[in-house]
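My entries follow in the order in which I made them.

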Amino acid sequence: MKSLRDTIFYKAIHYVYVVSGIREYVPRKVTDVSGVQTRKHRLVEFYNDNYENESVEALIKYCKPSDSVLILGGGFGVTTVHAARIANNVVVYEAARSQYN
C-alpha cells in the first residue's frame, strides 16, 4: 500500500510529466517488449515487459502458417511481429497517428 507521501509525490510527478505535456518531448528508448524491440517507452518510464503477452500466447497456440491474421489497433507492433513470424498473411490497421513514428 502506498503511503500518503508516495501518493502525493506520484500525483505531483504525474502532473509535471503527463498533464503539463513534458512527456511528449522526452525521447523514447528501445526496449524489449514480449520479445520484440520497440520504441514504446520514454527514457524515464518504467514498463511491464509482459505487454500483450496474452495476445502473443494465443497467436503461438492457435495460429498456423496457412492462416491470415487481421490485427485492429496494431499499437507498437508487438503482436504484429509475432503474427508475422507465424502466419503467411498479416494485415494490421492502426488509427492513432501517434503510433506511426
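This is a predicted model: local features need pLDDT of at least 70, side-chain atom pairs count only at pLDDT 80 or more; totals for chains, interfaces and linings use all residues.

Residues are numbered from 1 along each chain as its sequence is written, and side-chain values use heavy atoms, with hydrogens and water left out.

For secondary structure I took DSSP runs, numbered from the N terminus, with helices (H or I) of at least four residues and strands (E) of at least two. On that basis I list 3 helices and 4 strands, arranged along the sequence as α-β-β-α-β-α-β.

Next I looked up the surface, using Shrake-Rupley areas with a 1.4 Å probe. The protein exposes about 7600 Å², of which carbon and sulfur atoms supply 58%. I called a residue buried under 20% relative accessible area, exposed over 50% and partly exposed in between, and buried residues then make up 26% of the 101 residues.

I turned to the strands, where pairing requires at least two DSSP bridges. Strand E3 (residues 68-72) pairs with strand E4 (residues 89-93) in the parallel sense over 5 bridges, and I see Val69 opposite Val90 in E4. Together with helix H3 (residues 78-86), E3 and E4 make a right-handed β-α-β unit; right-handed here says that, with the strands pointing away from the viewer, the path from the first strand over the helix to the second runs clockwise.

How do helices H2 and H3 pack? I fitted axes to C-alpha atoms over the stretch in contact, with angles running from 0 to 180 degrees between N-to-C directions. Helix H2 (residues 53-62) and H3 pack at an angle of about 10°, with their axes 9 Å apart, so H2 is roughly parallel to H3, a label for angles under 35 degrees. The contact involves Ser55, Val56, Leu59 and Ile60 of H2 and Val78, Thr79, His82, Ala83 and Ile86 of H3.

Is His82 buried or exposed? This residue of helix H3 is buried, with a relative accessible area of 10%, and, leaving out residues up to four places away in sequence, His82 touches Ser34, Val36, Val56 and Leu59.

Glu54, in helix H2, is exposed at 69% relative accessible area. The C-alpha atoms of Glu54 and Thr79 are separated by 9.7 Å, with the two residues 25 apart along the chain.

Technical notes: Buried means under 20% relative accessible area, exposed over 50%, partly exposed in between (1.4 Å probe, protein chains only). Angles under 35 degrees count as roughly parallel, over 145 as roughly antiparallel, 65 to 115 as roughly perpendicular and the rest as oblique. Contact means heavy atoms within 4.5 Å.
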